[in-house]
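Here is a short report on charged and aromatic side chains. It looks at who pairs with whom, and where.

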Amino acid sequence: MPANRGRKKKGPNVKRSLQSDLARDVENARGWAEIVQIIRDQHQIPDLFTKAGLKRVYLNFDQVIRQLDSTFQKYEDNDEIVGGVVGIYTQMCEDAVLRTKLCENGLLSRLFPLLERDVCRQMALHTLVNIGHHGGTNVHAEIARQAPILVQTLLDHPEEHQTVEHIIVILSHSVGAAVNGDSQAPEMPEIHRSLDMRIILKTTIHHMRQLYASKTLIDHGNQLVFASAMHCSAAFRSEPDLDKFLVAGLKSKNWGLRGSCLGAMIRSYILSTVPDRPALGPAQLIQIFGSAWPPHLLEVMNQYGLSRCQSTQQRGHAMALSDAITGAHSRDHYILGGKLADLTLLTEFSLPATPMFPLSEIIPRCVEALRSRGTAADTNKADILEMKYLIRLQDWDGIKSKAQQFLARNPDSAYTFYALTLRPGSEDGLRAAKKGLKCKENNTTPYLYFQLLRRAIELAADLGVCYFQEYDQHGRMMWEEAIAFLMSALEDSKTFIEQAPPDNPYMMAILHWNIVLTITMEGPNADLKMVEVGLRSGARNKLKISEEISEHLRSPILHTQTYATQMLVVDLNQIMDERLDEQIPPPDFPKKAEDELTAWLNDMSLKRFTCSSATPKVNVKDLWYKQCSWCRNPSAVLRKCSGCESARYCDSQCQKAHWSNHKKECKARIS
């Protein structure tokens, strides 16, 4: 007899003497596998685990479905027969074509009422797991509309751990697909508006924190939390336990949980925050420069070197730009173009647009005048000026096209690499930032260096967050690549904070990243003391100074993604000392009464549909091989040195640039 099938609901089928041969045979069956076999034999349904059997069912699909539906309706009060029919549906769902035809034939509408029936619930849920995992947009939408039924089943049966796991897997695939999307809108706006995401997320997280939580449950719960974060941020902010879960997740030993929680926090602020700002405009700096610095801030500036500080230098650049524009009436486009190109390497504000200075007319003439001279120096200036103008226009395709030409002419053009970091596409941008940082000093400036470093931090951090949700072509979770990106971002943030001027307009944003990444990378060992003393004079002390400098420069502190994320992490770390992995048990949870059903279902190879891949074991210290040996760019597609097969490179340019350093080691490894 199948487990949990002893108590039957009252109905017209309670008298055994009146039952048909099918009902009597099912009553005497010794398990679910035998029940399914009896019903298959009754309707002459072939073996569904063979190609020939599936083909026969496909050719006679309408007849098979009529027979099964007739049996389903005739014995609707017999839990074992109904469950057996659903078991056949489950076997048919192994085939993609049959699964689609079953859904089109109304299978989902038959499954959800079965969630109220103790004996049928597991069979129905297992079929929903299969359909939800492989379903397309329409299937996900239909299941997501029934999310209230799934959540109510969770609330009614919290003691059924297999039920809990299945429902969270189903919610992850269906609701996750409905509420995920880009910054414009969720994938399914109408369904998104109808869902009570606060209850869905709160219930999901509650079960993720219990001792019976399996790896499958936790992985799919993570995916649901991550997918929901952007367009369901109100649910996180209105339910304190959700934010606490995210912060506590950063301290987990489980890298997947850490990555999902970090990503969810950042995504949850996308729609409610503003972008990081550029530097103050020239006019503002000239007005502010005459005001006296507070003594403690002046001391900080003097320690760095007042003349090297950005506000000091930017004021000088603003005056030089004003002189260049004032002298533009002479229309010597060669001289003007040279000055603008030089200023482009020194300040963000080298191309002001005014009625008296129409860029669309002046810049092309300046570029042409510089190129006409024919010298390498003038050509490089023309490249820089033309690239700056394309950035101003946000002509990303033009930037890519021109960059190929410019780099072929001058592979050390740091500004061209910087322009490439601004294009959409994080991996190409990060590679460009890392290459730009390795350019020769005579092709860069402190301003440009820190701009490249800033972009390297931002792009690597974004990629790290995204890669925690990615799988490679073999189905392997790409955690190692994700961690390599975060390591790169953290190391570069330390360099930026130590070397950049204290009044750099992006200092605050980089400090926010540094604090969040430090806690994330330390995981179980993280505490606020690390960011108090982790850098010279402490990251949080530097952040306080940066905020005071911003206030002195009359530049408001903006509510950006990194600002909001850092505030949440720091505030909750101050009031809680919780680590989620202390509440998460080993993958195996206690055996339940439904083991016989679970074993039969698993025999159908459905295990591969429930994310059964092993959690990758990550040794952070060994992730050096995920970075280019020359430019230190973290990447999932690095090329090995053909000689020693130890060094790894982005491309042949990086390999050539590194050869003088690598040659001795390479030959030693080969010999």
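In this predicted model, Arg30 and Glu34 form a salt bridge, with the closest N and O atoms 3.3 Å apart. Arg30 is exposed, because its relative accessibility is 69% and the cut-off is over 50%. Glu34 counts as partly exposed, at 30% relative accessibility.

A second bridge links Asp79 and Arg117. Asp79 lies in helix H5 (residues 79-92), while Arg117 sits in the loop between helix H7 (107-111) and helix H8 (118-134), so the pair ties together parts that are 38 residues apart in sequence. Asp79 is buried, with a relative accessible area of 3%. Arg117 is buried too, with 15%.

Glu458 is buried, with a relative accessible area of 11%. Arg455 is buried as well, with a value of 14%.

| Salt bridge | Closest N and O atoms |
|---|---|
| Arg30 and Glu34 | 3.3 Å |
| Asp79 and Arg117 | 2.7 Å |

How many salt bridges does the whole structure hold? A search finds 22.

Asp503 is buried yet has no salt bridge. The nearest side chain of opposite charge is that of Arg308, 10.0 Å away. A salt bridge requires the nitrogen and oxygen to be within 4 Å, so Arg308 does not qualify as a partner of Asp503.

Where does Asp503 lie? It is in the loop between helix H28 (479-499) and helix H29 (507-522). What lies 3.0 Å from a polar atom of the Asp503 side chain? It is the backbone nitrogen of Gln310. Leaving aside neighbours within four places in sequence, Asp503 is in contact with Met301, Cys309, Gln310, Ser311, Thr312 and Ile549.

The structure holds five aromatic pairs. One of them is formed by Tyr449 and Phe450. Their centres are 5.2 Å apart, and their planes make an angle of 75°. That pair is edge-to-face, because the angle is over 60 degrees. Tyr449 counts as partly exposed, at 24% relative accessibility. Phe450 counts as buried, at 8%. Tyr449, Phe450 and Phe496 form one aromatic cluster.

Last, a helix. Why is helix H16 (residues 240-249) described as largely enclosed by the rest of the structure? Seven of its 10 residues are buried. The buried residues of H16 are Leu242, Asp243, Phe245, Leu246, Val247, Ala248 and Gly249.

Definitions and conventions:
Residues are numbered from 1 along each chain as its sequence is written. This is a predicted model: local features need pLDDT of at least 70, side-chain atom pairs count only at pLDDT 80 or more; totals for chains, interfaces and linings use all residues. Side-chain values use heavy atoms; hydrogens and water are left out. Helices (H or I, at least four residues) and strands (E, at least two) are DSSP runs, numbered from the N terminus. Buried means under 20% relative accessible area, exposed over 50%, partly exposed in between (1.4 Å probe, protein chains only). Lys and Arg count as positive and Asp and Glu as negative; His and the chain ends are not counted. A polar contact is a pair of N or O atoms within 3.5 Å; within protein, one must be able to donate a hydrogen and the other to accept it, and residues adjacent in sequence count only if both atoms are side-chain atoms. Contact means heavy atoms within 4.5 Å. Rings of Phe, Tyr and Trp (its six-membered ring) pair if their centres lie within 6.5 Å; planes under 30 degrees apart count as stacked, over 60 as edge-to-face and the rest as tilted.
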